[in-house]
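Here is a friendly walk through one protein chain, written for someone who likes to think in atoms and distances. Have the viewer open as you read.

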Amino acid sequence: MLQLIETGDINRSAKLTFTNMKPYYDLNNVDWDLNDVSNAITELTNYDIYVDDKLVGALRLSFNDNRCQLRDIQVKADLQSKGLGAKTIAKTIELAKDQDAQFIDLKVFKNSPAHRLYSRLGFITEQSDERFYHMSLAI
């Protein structure tokens, strides 16, 4: 069973994100290090993703007016493509509704396979730029 638990160790969570995202940072010329990631996530609502009491990833959200910003979903590399991202998004929808959000917004690197997941789950590309698709889901 997938559970979201508020993050207790921001540094561990930042390290997971940095490890997962480093190839995309390199491909997209993003000059971030572990400290940059840690600073960026500190002010967000951070959750650890657990399955059967095992840490499998991280989720980060922020809220503004009637919108939830899905800032980050990270699943450990060896556990990707097993449905955990979709289950995490289902939990995210519940959290967003609890905060009276009507939309979930995100941006995803164009060269990330996560774009296909978001599209499959109903997110619509609202705009794009050189590196990102900007997507949203009405909930």
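The report below goes from the overall fold to the cores, then to one helix and a few single residues.

**Overall fold**

Please keep in mind that this is a predicted model. The protein chain holds 4 helices and 7 strands, and in sequence order these follow the pattern β-α-α-β-β-β-α-β-α-β-β. The C-alpha trace spans about 40 × 35 × 30 Å along its principal axes. A compact globule of 139 residues would have a radius of gyration near 14 Å, and the protein chain agrees, with 14 Å. Buried residues make up 41% of the 139 residues. Among contacts with a separation of 6 or more, 56% are between residues 24 or more positions apart.

**The nonpolar cores**

Which residues touch the most other members of the largest nonpolar core? In this core of 23 residues they are Leu 59, Leu 70, Ile 73, Ile 89, Leu 106, Tyr 118 and Phe 123. At least two core residues come from each of β2 (45–51), β3 (54–64), β4 (67–75), α3 (84–98), β5 (103–109), α4 (114–120) and β7 (132–138). The largest share, 4 residues, is supplied by β4. Apart from this core lies another one, of 10 residues, and its members include Val 30, Val 37, Ile 41 and Phe 132.

**Helix α1**

Helix α1 covers residues 10–27, which is 18 residues. From first C-alpha to last it reaches 25 Å, close to the 26 Å expected at 1.5 Å a residue. Even so, α1 bends by about 50° at Met 21, and the proline Pro 23 follows within four residues. Just after the helix, Asn 29 takes a positive phi of about 55°.

Which residues of α1 are buried? They are Ser 13, Ala 14, Leu 16, Thr 17, Phe 18, Asn 20, Met 21 and Tyr 25. An α-helix has 3.6 residues a turn, so residues three or four places apart point the same way. The buried residues of α1 pack against α2 (34–41), β2, β3, β4 and β5.

| Residue | Contacts |
|---|---|
| Phe 123 | Ile 89, Ile 104, Leu 106, Tyr 118, Met 135, Ser 136, Leu 137 |
| Leu 121 | Ala 86, Ile 89, Leu 137 |
| Thr 92 | Leu 59, Leu 61, Leu 70, Ile 104 |

Is Thr 92 buried or exposed? Thr 92, found in helix α3, is buried because its relative accessible area is 0%, under the 20% cut-off. A polar atom of the Thr 92 side chain lies 2.8 Å from the backbone oxygen of Thr 88.

Leu 121 sits in the loop between α4 and β6 (124–128). Its relative accessibility is 30%, so Leu 121 counts as partly exposed. The C-alpha atoms of Leu 121 and Ala 90 are separated by 9.3 Å, with the two residues 31 apart along the chain.

Definitions and conventions. Residues numbered from 1 in each chain as written. Predicted model: local features only at pLDDT ≥ 70, side-chain atom pairs only at ≥ 80, totals over all residues. Heavy atoms only, no water. Core = buried A, V, L, I, M, F, W, Y, C linked by side-chain atoms within 4.5 Å. Buried < 20%, exposed > 50% of the residue type's maximum accessible area, 1.4 Å probe, protein only. Contact = heavy atoms within 4.5 Å. Expected span 1.5 Å × (residues − 1). Bend = angle between axes of the 7 residues up to and from the residue. Rg over C-alpha atoms; globule rule 2.2 N^0.38 Å. Polar contact = N/O pair within 3.5 Å; in protein donor to acceptor, adjacent residues only side chain to side chain.
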